[in-house]
Amino acid sequence: MADSNFSAMLGLFFTVFLFPVLVSSVGINYGQIANNLPSPEHVVPLVKAIGASRVKLYDADPKVLKAFANTGVEFIVGLGNEYLSKMTDPANAQAWVKSNVQAYLPATKITSIAVGNEVLTFNDTSLSGCLLPAMQSVHTALVNLKLDSQVTVTTAHSVAILQSSYPPSSGAFRPDLKGCISPILDFLSKTCSPFLINAYPFFAYKADPKQVSLDFVLFQPNAGIVDPGTNLHYDNMLFAQIDAVYAALASLGYKKLPVQISETGWPSKGDESEVGASLENAKKYNGNLLKLINQKKGTPARPNSDLNIFVFAMFNENMKPGPTSERNYGLFKPDGTPAYGLGFSGISVSSGNSTSTGSSSPKTDGPSIYLSPPANSSSGYLAISSSTERFAWSRWARMGMMLISMGMAFHL
């Protein structure tokens, strides 16, 4: 469809209906591992349709950053795991920041750089050893360019970095990771940067659907659980996960460090073995989640803290590896129509005009320092279900059975 025709379609088909009002604090992950996505210019109104004010990228795609100029949408841009070793060199970090961040400010509101994704749970010491030095080099580049007051540097983790998660008040990091995590937390605290965590209750349900309550993971009415350490009541797993992270941070002396859920979502389709992956469950999970965000309520342990949550993901991405669920987390189909009903409408756009970085050949446009993931990228984003999180959160089910036998309050 030509852009002129698209403009006409925009006027005819695009309306905004998200619940009764826009969700001002929701974020959205905008992945592009697909060959059939609409151009970034066509994505702008879709982001507005869901009321998202923040977007997280897994790279620093120049076409996306240009398309969102002067829209007021805030961006987290990413540096893939495969480039961490290069970013430990201050010269490389400075060149990257100049070309991929400074070049788009202030028109595009880049507020943070996520260096790496779920690095610590890849159990690759050479990779994890580069993480903090890369973050420090990028931050130094921001200081040199006088951008550090407006752009933070952080990294996203899987909840599999937790050793214990139930009850939430006993949340603690894995002992084998504390040597890596503590210096990172010190860096985040000193630079006033947020702690990012990727959390997927879907994995807990998929791992043990007989013991994990579907209503509990989908934010549906249920008896919930009571944390015996705090007497706080939880009626959904995501909030319990978040408070377990807060408890883990507090145990290391970082009680005031802000937490953001950098990824969470539910697949609308999966393989036969992927119990729970369905249109109806995806609609319930994301619909109920957006309602909670709109209510501006915090978690039981942090009722006055904002829920800084980025939903995964903008689109179904047809080139992601792994099980069927990997390609079906999107709120939208590639043609711009909603994947399922959440109370907002999409825009009919033609497919095949993708500017995706997920194609088999690297991007060649944009600044020469722009880093496009190769086809065999090691980035954790390429396959979220490969995360050990699904095993970590199956402990919820096992702990539940144990507490029942002890007569404690666990009412899944």
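Predicted model: local features only at pLDDT ≥ 70, side-chain atom pairs only at ≥ 80, totals over all residues.
**The barrel and strand β11**

Eight strands form a closed barrel in the order β1-β2-β3-β4-β5-β8-β11-β12, and their pairing is parallel. From one strand to the next, the twist averages 25°. Strand β11, which covers residues 259-264, is joined by two bridges to β12, residues 309-311, and these strands run parallel; within that pairing, T264 has V311 of β12 as its bridge partner. Strand β8, residues 195-198, is also parallel to β11 and is joined to β11 by four bridges, with N198 standing opposite E263. Six of the six residues of β11 are buried, so this strand is largely enclosed by the rest of the structure.

The loop between β11 and α11 (279-294) contains S268. Is S268 buried or exposed? Its relative accessibility is 10%, and because buried means under 20% relative accessible area, S268 counts as buried. When neighbours within four places in sequence are left aside, the contacts of S268 are A277, S278, L279, A282, N328 and Y340.

**Helix α5 and its buried face**

Helix α5 spans residues 90-100, and A93, W96, V97 and N100 are buried in this helix. Which arrangement do the buried residues take when α5 is seen down its axis? They fall within an arc of 95°, so they line one face of the helix. At the start of α5, the backbone nitrogen of A91 has a side-chain oxygen of D89 within 2.9 Å.

**N222 and its polar contacts**

N222 is located in the loop between α9 (214-217) and β9 (225-226). With a relative accessible area of 23%, N222 is partly exposed. Residues touched by N222, not counting those up to four places away in sequence, are D215, F216 and D235. N222 and D235 are 13 residues apart in sequence, while their C-alpha atoms are 6.4 Å apart in space. The side chain of N222 has a polar atom 2.6 Å from the backbone oxygen of Q220, and a polar atom of that side chain also lies 2.9 Å from the backbone oxygen of D235.

The structure holds 14 aromatic pairs. In one of them, the ring centres of F312 and Y329 are 5.6 Å apart with the planes at 75°, so the pair is edge-to-face. F312 and Y329 are 17 residues apart, each in the loop between β12 and α12 (389-392), and their pair links distant parts of the chain. F312 counts as buried at 1% relative accessibility, and Y329 is buried with a relative accessible area of 1%. For F315 and F332, the ring centres are 6.4 Å apart and the planes stand at 50°, so this pair is tilted. F315 and F332 both lie in the loop between β12 and α12, so their pair ties together parts that are 17 residues apart in sequence. F315 is buried, with a relative accessible area of 1%, and F332 counts as buried at 0% relative accessibility.

The two pairs are set out below.

| Pair | Centre distance | Plane angle | Class |
|---|---|---|---|
| F312 and Y329 | 5.6 Å | 75° | edge-to-face |
| F315 and F332 | 6.4 Å | 50° | tilted |

Definitions and conventions: Residues numbered from 1 in each chain as written. Heavy atoms only, no water. Pairing = 2+ DSSP bridges. Axes fitted to C-alpha atoms, helices over the stretch in contact; angles between N-to-C directions. Buried < 20%, exposed > 50% of the residue type's maximum accessible area, 1.4 Å probe, protein only. Contact = heavy atoms within 4.5 Å. Arc of directions from axis to C-beta. Polar contact = N/O pair within 3.5 Å; in protein donor to acceptor, adjacent residues only side chain to side chain. Phe/Tyr/Trp six-rings, centres within 6.5 Å; stacked < 30°, edge-to-face > 60°.
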